[in-house]
Amino acid sequence: MCTLEKRGDIYILTLTGSDEHRLNPTLIDSICSALRRVRAEPASPSSALVTIAEGRFFSNGFDLAWAQSSQPRRELMSAKLQLLVKELISLPMPTIASVTGHASAAGMILALSHDYVLMRKDRGFLYMSELDIGLVLPDWFMVLLKCKIGDARVRSEVVLTAAKLTAEMAAVRGIVHSAHDGAEETVEAAIRLGQELVKRGWDGNVYGKNRMVVLKEVLEKIGTVPGEAKTMSKL
């Protein structure tokens with residue numbers, strides 16, 4: 001599950017607990033509910049969202065144990081994650097993921113759906129694990145990866161070698177914006193970044209609409225593949 005608190009103009013969304021934060025309908029619905037609460041708050045001149053996670057994982061991807069071999073369950077998970085990504089893309093404020101643990105597969109997609117990704121150096125990796133676990137990458141994952149990782153060689157490394165990237169490796173490759181010494185330092189840096197962005201005084205609605213233009217391909221792809229989870233099958 002998750003919690004939401006507000007510190008000044010910074011919203012902090014926390015994935016709570018010491019588990020792997022696997023993305024099943026319950027957790028995804030909880031996050032979406034928190035984002036709707038952010039939207040429902042009285043408008044302020046400028047705000048920012050920081051997403052953090054307790055424990056060793058930011059998110060270890062889809063909850064495949066919950067889905068088991070059920071195709072309808074897999075489709076439900078993918079559809080709900082698509083809705084969550086839409087919520088983040090259209091949110092009227094900058095978004096920052098503070099990655100202090102592993103972010104794998106759909107968990108990496110969740111992190112990259114934020115505008116900025118900050119990551120701790122001493123623990124955790126970004127990892128598109130589909131190749132290693134025998135799953136076909138959903139098309140819309142690849143569209144988002146293309147928007148977020150400009151270098152085609154790096155995208156191939158991420159997807160076609162299932163590379164496990166530490167914070168420093170990801171920073172060198174331009175996947176994350178900065179790497180920090182530990183969990184506390186990473187969260188503090190994310191909040192500072194949020195505060196710096198708030199000081200710019202941008203109109204949140206304009207910011208969100210511009211992001212939707214930047215990530216138009218992602219929104220269009222999500223809108224055309226309601227059954228995309230069908231590609232999440234065993235090879």
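Residues are numbered from 1 along each chain as its sequence is written, and side-chain values use heavy atoms, with hydrogens and water left out. Because the model is predicted, local features need a pLDDT of at least 70 and side-chain atom pairs count only at pLDDT 80 or more, while totals for chains, interfaces and linings use all residues.

## The nonpolar cores

In soluble globular proteins, nonpolar side chains tend to be buried together. A nonpolar core is here a set of buried Ala, Val, Leu, Ile, Met, Phe, Trp, Tyr and Cys residues joined through side-chain atoms within 4.5 Å, where buried means under 20% relative accessible area, exposed means over 50%, and partly exposed lies in between (1.4 Å probe, protein chains only). The largest such core has 58 residues, and those with the most contacts inside it are Leu-81, Leu-126 and Ile-175. Helix 1, which spans residues 25-40, gives the most to this core, with 7 residues; helices (H or I, at least four residues) and strands (E, at least two) are DSSP runs, numbered from the N terminus. A second, separate core of 13 residues includes Ile-10, Ile-12, Ala-48 and Val-50.

What is Leu-81 in contact with, leaving aside its neighbours within four places in sequence? With contact meaning heavy atoms within 4.5 Å, Leu-81 is in contact with Leu-23, Ile-28, Phe-62, Ala-106, Trp-140 and Phe-141.

## Helix 3 against helix 10

Two packed helices are described by the angle between their axes and the distance between the axes. The axes of helix 3 (residues 71-90) and helix 10 (residues 204-214) come within 7 Å of each other and cross at roughly 125°; such axes are lines fitted to C-alpha atoms, for helices over the stretch in contact, and the angles run from 0 to 180 degrees between N-to-C directions. Helix 3 is therefore oblique to helix 10, since angles under 35 degrees count as roughly parallel, over 145 as roughly antiparallel, 65 to 115 as roughly perpendicular and the rest as oblique.

At this contact, Leu-88, Ile-89 and Ser-90 of helix 3 meet Gly-208, Arg-211 and Met-212 of helix 10. The residues of the contact divide into 3 nonpolar, 2 polar and 1 charged, where Ala, Val, Leu, Ile, Met, Phe, Trp, Tyr, Cys and Pro count as nonpolar, Asp, Glu, Lys and Arg as charged, and the others, Gly among them, as polar.

Leu-49 has its place in strand 3 (residues 48-53) and counts as buried, at 0% relative accessibility. Leu-88, already met in helix 3, is one of the residues that Leu-49 touches when those up to four places away in sequence are not counted, and others include Tyr-11, Leu-13, Leu-35 and Met-93.

Val-117 lies in strand 7 (residues 116-120) and is likewise buried, with a relative accessible area of 2%. Leaving aside neighbours within four places, its contacts include Ala-97, Val-99, Val-176 and His-177.

Ala-163, in the loop between helix 7 (152-160) and strand 9 (164-165), counts as buried at 14% relative accessibility. Beyond four places in sequence, Ala-163 is in contact with Leu-126, Tyr-127, Met-128, Glu-157 and Val-158. Asp-132, placed in helix 5 (residues 130-133), is in contact with Tyr-127 and Ala-162 when neighbours within four places are again left aside.

The table gives C-alpha separations for residues described above.

| Pair | Apart in sequence | C-alpha to C-alpha |
|---|---|---|
| Leu-49 and Tyr-11 | 38 residues | 4.7 Å |
| Val-117 and Met-212 | 95 residues | 18 Å |
| Ala-163 and Phe-125 | 38 residues | 9.2 Å |
| Asp-132 and Leu-160 | 28 residues | 9.7 Å |

Two loop residues have a positive phi. His-21 has a positive phi of about 50° although it is not a glycine; His-21 sits in the loop between strand 2 (10-15) and helix 1, and it counts as buried at 2% relative accessibility. Ala-105, also not a glycine, has a phi near 50°, is found in the loop between strand 6 (102-104) and helix 4 (106-112), and is buried at 9% relative accessibility.

## The cysteines

How many disulfides does a search of the whole structure find? The search finds 0, a disulfide being a pair of cysteine sulfur atoms within 2.5 Å. For Cys-32, the nearest cysteine sulfur is that of Cys-2, 9.2 Å away, and Cys-32 is buried, with a relative accessible area of 7%. For Cys-147, the nearest cysteine sulfur is that of Cys-32, 20 Å away, and Cys-147 counts as partly exposed, at 28% relative accessibility.
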